Amino acid sequence: MISRKIDEKAICKAKRLVDDAEHIVAVCHMAPDGDAIGSSLAAAHVLGALGKDCRVVVPDAYLSNLAKLPGAKEIVDATRYPDFAARLFREADLVLCLDFNEPRRVGRLEKVLRECPAPKILIDHHLHPDIDAEVVISHPEMPATSYLMFRFFCRLELFNFINAQAAECMLAGMMTDTGNFSYNCSDPELYIVVAELLKKGADKERLYRALFNTYSENCLRLNAYAILNRMEVYPEDGAALIVLSRDELNRYHYAKGDTEGLVNRPLSIPGIHYSAFLREEADMVKVSMRSVGDFPVNILCKEYFGGGGHLNASGGEFYGTLDEAATLFRSLLKENKKKYLANVKD
Ligand code: 5GP
Ligand code: MN
């Protein structure tokens, strides 16, 4: 089977907390993606099979392509049901903090989470965990929290409680955070876990279609428009930028998630090492960045766009006009090249 990665003391403590808990809340980061939702729903399925009452509470709406995940209909959206969400936290005797590293990542639930007296278990793969939790299981080297969840359940001797639904949710998380096993996926044990999840009944082909290959007509046209008309490529500087205004988004009836993955597209051009996407929102500009190799977009997002994230996938927010945000990004190109691309050959 797979090697042991999670600290034994953490497992013992977590086991005691799970054994003693009756009402459990699983919470994940705002704008939850497939890994956040996948790990949370997996917890609900496995702990539910164990006889616990485990509810998934999310700070805000998840992407529509996740609606088909088993159990998604039971998710409590704290933006739509704030009082109910707060009550679940108040009545919980254990909170699982999944796929986030800091309280502010749960957005509107931050206060509720901070004030919740129940013990907490953090299970996450982002850098620098900063959650006041009884148990911290943080493995930034892991490609997905859902992968860590599988290991967690196994170590808690809950392998037999992983049903087809839980398996499908964990596989969805692993597929999401590795781009369907195209990056962060060199760990051989990942595929042992995939094999176990398939044996449990996860339908990978159905998941692929739902997660990666379902688009509305408007969404397809918006992405085509963005690449054709709004993509700036700077081959000299190894960079690309895509900018979309509210007007442009409205023209294609933008719905949340429609531009998911757009920021990655310029990286397919040889010689482009990093890419930024700026999307105008009502009160700010949402920034998304991706890179290949050693180019640290997390530093860029932290220093200039009040955000952060991973080396190759980060984001932030810019409070100013869309033009100002784009101008700022362009003004950094030469310096970025000197700092981070000096040793790059192509
Ligand atoms: P995305 O570009 O998909 O919105 O975000 C990619 C990654 O960047 C996320 O997984 C998260 O780690 C990080 N991220 C995105 N937006 C923010 C933000 O506003 N603040 C911080 N600290 N990190 C962000
Ligand atoms: Mn994740």
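1. Helices here are DSSP runs of H or I with at least four residues, strands are runs of E with at least two, and numbering goes from the N terminus. Glu91 is partly exposed at 46% relative accessible area, and Arg87 is partly exposed at 39% (buried is under 20%, exposed over 50%, partly exposed in between; 1.4 Å probe, protein chains only).

2. A note on the basis: this is a predicted model, where local features need pLDDT of at least 70 and side-chain atom pairs count only at pLDDT 80 or more, while totals for chains, interfaces and linings use all residues. Residues are numbered from 1 along each chain as its sequence is written, and side-chain values use heavy atoms, with hydrogens and water left out.

3. Do look at Lys334 and Asp237, whose side chains form a salt bridge at 2.7 Å, N to O. This pair connects distant parts of the chain, 97 residues apart: Lys334 belongs to helix 13 (residues 333-340), Asp237 to the loop between strand 7 (231-234) and strand 8 (239-244). Lys334 is exposed at 55%, whereas Asp237 is buried at 5%.

4. Arg4, Glu8 and Arg155 are joined into one network by salt bridges that share partners. Within it, Glu8 and Arg4 have their closest N and O atoms 3.2 Å apart. Glu8 is partly exposed at 41%; Arg4 is exposed at 63%.

5. For the overall tally, the salt-bridge count is 16.

Key: Chains lettered and ligands numbered in written order. Salt bridge = Lys/Arg side-chain N within 4 Å of Asp/Glu carboxyl O.
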